[in-house]
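User: Hey, I've got a chain open here and I'd like to talk through its fold. Can you walk me through it?

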Amino acid sequence: MAKTINKKLKEAVKKIPRLAEKEGWVLTLDRDEGALFYSPKSIPDKSELFQVTDEYALYVDKNFNPRGVMIEYFNANFLKHHQGLEKLSKKLFGSRKKIATVNPRAKVDFDAFVLKTLLEGLIVQETLGIYGTKHRTV
């Protein structure tokens with residue numbers, strides 16, 4: 001069963017860039033939760049959350065299509081492991097709002113576009129690295 005889920009998660013993660021573009025996903029930082037969400041403005045009901053790595057989880061629908069990504073402890077942990085994104089993140093989410101949303105599709109927000117592109121690449125790369133080996137499972 002775990003192998004089947006791992007394979008489905010791997011395939012779902014590969015779909016993220018295409019679906020995110022098509023559906024207009026946004027980046028939302030929730031300071032109270034400490035999480036960054038990359039998803040539609042609201043994650044569809046009945047989406048199920050699967051932990052993919054120690055740092056992020058994937059929301060999927062009943063057909064295992066990606067419905068959003070949640071990066072846990074974004075400022076406190078994730079950015080410490082991906083320091084190249086820290087300055088860009090501070091620039092985008094520098095306000096003290098409890099919940100800050102940026103739209104990477106906005107033509108004027110090149111920084112948001114760069115951050116979402118880098119995040120997509122990291123998510124896909126890290127997932128394929130984990131599920132591409134025979135020694136690790138969810």
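This is a predicted model: local features need pLDDT of at least 70, side-chain atom pairs count only at pLDDT 80 or more; totals for chains, interfaces and linings use all residues.

User: Okay, how many helices and strands are in the chain?

Analyst: The chain has four helices and six strands. Starting at the N terminus, the elements go α-β-β-β-β-β-α-α-β-α.

User: In what order do the six strands sit in the sheet?

Analyst: The order is E3-E4-E5-E2-E1-E6, in an open sheet with antiparallel pairing. At the edges you'll find strand E3 (48-51) and strand E6 (99-102), each pairing on one side only. From one strand to the next, the twist averages 20°.

User: Remind me, what do strands of a sheet pair through?

Analyst: Backbone hydrogen bonds, and the strands can be either parallel or antiparallel.

User: Back to this one, then. How many bridges join E1 to E6?

Analyst: Four bridges, with E1 (residues 26-30) and E6 running antiparallel. To find the pairing on screen, look for Leu 27, which stands opposite Val 102 in E6. Asp 30, in turn, sits opposite Ile 99 of E6.

User: And which side chains along E6 are buried?

Analyst: Ala 100 and Val 102, which point to one face.

User: Switching topic: what share of the whole chain counts as buried?

Analyst: That's 43% of the 138 residues. The chain exposes about 8,300 Å², and 53% of that area comes from carbon and sulfur atoms.

User: What about contacts, how much comes from residues 24 or more positions apart?

Analyst: Taking the contacts in the chain with a separation of 6 or more, residues 24 or more positions apart account for 57%.

User: One last thing, I keep clicking on Ser 89. Where is the residue?

Analyst: Ser 89 is in helix H3, which covers residues 86-92.

User: Why does Ser 89 count as buried?

Analyst: Because its relative accessibility is 2%, and the cut-off for buried is under 20%.

User: So which residues does Ser 89 touch?

Analyst: Leaving out residues up to four places away in sequence, Ser 89 touches Phe 74, Asn 75, Leu 79 and Gly 94.

User: Great, I'll go and look at those.

Notes
Residues are numbered from 1 along each chain as its sequence is written. Side-chain values use heavy atoms; hydrogens and water are left out. Two strands pair if DSSP finds at least two bridges between them. Helices (H or I, at least four residues) and strands (E, at least two) are DSSP runs, numbered from the N terminus. Axes are lines fitted to C-alpha atoms, for helices over the stretch in contact, and angles run from 0 to 180 degrees between N-to-C directions. Buried means under 20% relative accessible area, exposed over 50%, partly exposed in between (1.4 Å probe, protein chains only). Contact means heavy atoms within 4.5 Å. Accessible areas come from the Shrake-Rupley method with a 1.4 Å probe; for residues, only the protein chains shown count as cover.
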